[in-house]
Amino acid sequence: MTDKSAAAAARATVHGYPRQGLNRELKKAVEGYWKGTVDAGALRATAAGLRRANWRRLADAGIHEVPTGDFSFYDHVLDTSVMVGAIPARHREAVTADALDGYFAMARGTQQVAPLEMTKWFDTNYHYLVPELGPDTVFTADSAEQVAQLREAVALGLTARPVLVGPVTYLLLAKPAPGVAPDFEPLTLLDRLLPVYAEVLADLRAAGADWVQLDEPALVEDRTPAELNATARAYRDLGALTDRPKLLVASYFDRLGKALPVLAKAPVEGLALDFTGPAAANLDALAAVGGLPGKRLVAGVVNGRNIWINDFAKSLSVLGTLLGLADRVDVSSSCSLLHVPLDVTAERDIDPRILRWLAFARQKTEEIVTLARGLAQGTDTIAAELAANRADLASRAGSALTNDPAVRARATAVTDADGRRAAPYPERAAAQRAHLGLPLLPTTTIGSFPQTNELRAARADLRAGRIGTTGYDERIEAEIREVLAFQEKAGIDVLVHGEPERNDMVQYFAEQLTGYLATRQGWVQSYGTRYVRPPILAGDISRPEPMTVRWTTYAQSVTDRPVKGMLTGPVTMLAWSFVRDDQPLGDTARQVALALRDEVADLEAAGTPVIQVDEPALRETLPLRAEDRAAYLDWATESFRITTSGVRPATQIHTHMCYAEFGDIVQAIEDLDADVISLEAARSHMQVADELAAAGYPREVGPGVYDIHSPRVPSAQEAAALLRKGLEAVPAERLWVNPDCGLKTRGWTEVRASLENLVEAAREVRGTL
Ligand code: GLN
Ligand code: ZN
């Protein structure tokens with residue numbers, strides 16, 4: 001095909017669309033089903049209605065080929081486990097009794113059985129359910145759901161492309177089932193899995209699929225030669241099938257690297273590649289392998305995981321280059337639009353001029369259609385759109401919001417000294433010991449106490465105008481007094497105010513910082529029926545006023561024990577927000593850090609002896625490619641140090657991280673130069689303490705001895721046993737006693753009992769030292 005005829009054939013498509021519906025109807029229906037207020041028939045009808053509405057919306061906007069199978073009641077990786085019959089033994093009974101209830105049992109567990117483990121989908125905030133496989137796993141094809149959804153779309157007269165998790169990614173995301181040797185590699189099951197995919201592909205072909213998309217995002221991570229060989233074998237075998245649809249192998253979130261030549265050579269009919277962010281490197285790499293002669297290329301030029309409008313001129317230039325590299329070039333989102341909210345026009349609180357810079361799923365769809373039209377019919381046909389796009393980009397680039405001279409000057413003037421504490425750690429530790437006068441094995445908590453219905457009601461009353469700020473503040477102060485009184489009585493050493501004023505650990509700060517936008521309807525699926533509204537880092541960041549000082553100082557005024565101030569760190573602020581795409585992440589992090597540094601200074605000046613800066617996201621935003629990690633950790637740790645280094649040696653800086661698996665970032669944790677770190681450890685039986693000790697981590701550590709993810713109350717004996725385990729790795733002078741994480745999702749009854757036991761455990765172990 002010539003460039004010109006390739007261009008003329010250009011079509012618009014997307015990899016997937018948000019599932020929830022405009023008013024989160026899916027969440028309501030699924031939760032209603034769990035509660036028993038919605039029956040299975042009604043739930044299925046709601047789901048089918050949402051799918052139909054999405055496809056119609058896509059088709060009406062001009063999308064030529066709509067995705068199917070991107071919908072899910074809970075998670076598409078779980079759907080894949082069902083599709084290949086990988087039902088763990090403990091869930092089989094529930095699945096046999098009732099497929100839908102069994103499905104939810106795998107997702108959420110029941111009184112009798114634990115759910116599948118949940119973990120992050122690559123470097124996004126979406127969570128999938130981890131398949132559990134072992135040498136005895138028998139795969140069986142169950143294409144019913146995929147086929148049914150395809151038929152629904154076909155019945156609407158649409159061209160539809162089923163989207164499946166590819167076999168290699170599915171296996172690479174799996175873990176050994178309980179009882180299976182931990183070094184078992186699920187990828188060794190590939191030959192057993194491929195015939196099941198072959199069967200599903202044949203069923204989809206019979207149901208009317210011309211193309212099927214197989215998602216292989218695991219190939220954008222560093223893969224071993226053996227894994228790349230397995231990939232080549234998988235697609236050689238699937239390609240060799242006779243009764244199959246055309247295959248489109250998709251990758252996203254980063255560049256393909258060594259996997260690109262493997263897929264380019266595979267006997268499949270098309271590849272879908274991401275050309276945004278770090279994946280932009282796919283462009284040169286594609287040219288270097290000689291393009292995709294004879295193949296279809298689906299070009300992800302519209303970022304599917306950020307909320308900024310596209311740069312049409314830039315995308316058209318990329319698409320123009322791609323025309324010379326494939327037989328046919330289609331325009332798409334870089335990944336499923338699952339990761340962005342639905343519709344910008346639902347936002348009422350954002351300045352309309354700024355709204356023009358934003359594109360959610362619906363607007364991204366329109367961008368894709370415009371670009372495909374420009375490619376197919378010539379840019380003259382989209383002249384008006386191009387002009388408007390240029391104007392919107394110019395308005396963003398020139399706006400006062402994105403160019404605050406004071407913020408920029410301050411960020412430029414940052415020196416190494418700003419990221420260095422005045423004294424080295426050993427000196428600080430001595431000063432802090434003298435200043436705080438804490439016992440050995442000091443006890444503390446991670447910050448939040450239960451978020452009660454009364455607190456939520458108070459916030460709702462304030463929003464609705466039923467109470468004024470004074471009335472609201474009084475309720476918060478009353479809660480703080482109660483939280484403090486409990487901690488004093490329980491005998492905790494370093495107290496917290498309990499974070500009752502926070503709606504969320506990022507949004508609370510975002511709402512108070514200039515340059516940050518909060519959305520009203522910007523819901524994005526985090527897992528199952530849980531949706532979050534990430535705020536938007538839109539402009540240069542500054543802090544008009546102190547954000548937490550009022551509550552911390554109030555707390556300190558009603559107790560004689562030290563109160564710990566509580567902030568969310570810059571890396572986590574970025575990780576759980578939509579970030580700017582018009583400057584390096586490190587620049588945005590530095591601006592946030594400087595705003596937080598002022599908050600830290602104000603807390604210290606107000607007499608706060610201990611300040612905790614939470615960074616639970618430090619590990620999770622680690623870049624997918626190892627070669628990108630050093631640069632990330634550089635700005636990430638620098639921004640933490642800028643936040644925390646302005647204080648006196650005697651002021652103790654804590655940090656907190658959730659999640660196990662710290663082994664590969666121990667150096668980065670040390671580079672934070674915090675005085676104390678608290679970590680999740682109860683479930684992994686203090687494994688992190690061992691890891692930190694093995695790596696020679698020289699600071700104070702609080703590995704969690706109370707697993708807050710479970711309503712279970714740990715006994716004092718149990719907590720003491722964990723503490724003794726911790727003491728094998730960390731000397732008593734450096735060991736803290738605390739829960740795994742904040743207590744906001746727990747009930748007061750369990751929290752009271754658990755913390756009392758935790759204090760008792762600390763006392764008991766202290767007595768033996
Ligand atoms: N300080 C926060 C809290 O206790 C920390 C939350 C977190 O680590 N995710 O809620
Ligand atoms: Zn935590």
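Of the 13 residues around ligand 1, the nearest are I446, G447, S448, P616 and G742. The shell around ligand 1 is made up of six nonpolar, four polar and three charged residues. The model described here is predicted. The rest of this report turns to its sheets and its helix pairs.

**The seven-stranded sheet**

Seven strands form an open sheet in the order β1-β5-β7-β8-β9-β10-β11, and their pairing is parallel. At the edges of this sheet lie β1 (65-68) and β11 (326-333), each of which pairs on one side only. From one strand to the next, the twist averages 25 degrees. Strands of a sheet pair through backbone hydrogen bonds, either parallel or antiparallel.

**The five-stranded sheet**

A further open sheet has five strands in the order β16-β17-β18-β19-β20, again with parallel pairing. Its edge strands are β16 (564-568) and β20 (700-703), and each pairs on one side only. Here the twist averages 20 degrees from one strand to the next. Strand β19 (residues 676-679) is joined to β20 by four bridges, and these two strands run parallel. One residue pair shows how they line up: I677 has V701 in β20 as its bridge partner.

| Helix pair | Angle | Axes |
|---|---|---|
| α20 (469-490) and α22 (549-557) | roughly 45 degrees | within 10 Å |
| α9 (190-206) and α10 (225-239) | about 30 degrees | 10 Å apart |
| α5 (89-97) and α6 (99-108) | about 150 degrees | 5 Å apart |

The axes of α20 and α22 come within 10 Å and cross at roughly 45 degrees. Because of this angle, α20 is oblique to α22. The crossing of α20 and α22 is right-handed. On the α20 side the contact involves E477, I480 and L484, which meet W551, Y554 and A555 in α22. These residues divide into five nonpolar, no polar and one charged.

Helices α9 and α10 pack at an angle of about 30 degrees, and α9 passes α10 in a right-handed crossing. From α9, the residues L190, L194, Y197 and A198 take part in the contact, and from α10 they are A230, A234, D237 and L238. By type, the contact of α9 with α10 has seven nonpolar residues, no polar ones and one charged.

How do α5 and α6 run relative to each other, and what is the reason? Their angle is about 150 degrees, and angles over 145 count as roughly antiparallel. The two helices α5 and α6 are therefore roughly antiparallel to each other. Helix α5 passes α6 in a right-handed crossing. In this contact, H91, A94, V95 and A97 belong to α5, while A99, D101, G102, A105 and M106 belong to α6. The contact of α5 with α6 contains six nonpolar, two polar and one charged residue.

Key: Residues are numbered from 1 along each chain as its sequence is written. Chains are lettered from A and ligands numbered from 1 in the order in which they are written. This is a predicted model: local features need pLDDT of at least 70, side-chain atom pairs count only at pLDDT 80 or more; totals for chains, interfaces and linings use all residues. Axes are lines fitted to C-alpha atoms, for helices over the stretch in contact, and angles run from 0 to 180 degrees between N-to-C directions. Angles under 35 degrees count as roughly parallel, over 145 as roughly antiparallel, 65 to 115 as roughly perpendicular and the rest as oblique. A crossing is left-handed if the near helix is turned anticlockwise from the far one by less than a right angle, and right-handed if clockwise. Two residues are in contact if their C-beta atoms, placed from the backbone, lie within 7 Å. Ala, Val, Leu, Ile, Met, Phe, Trp, Tyr, Cys and Pro count as nonpolar, Asp, Glu, Lys and Arg as charged, and the others, Gly among them, as polar. Two strands pair if DSSP finds at least two bridges between them. A residue is near a molecule or strand if its C-beta atom, placed from the backbone, lies within 6 Å of it.
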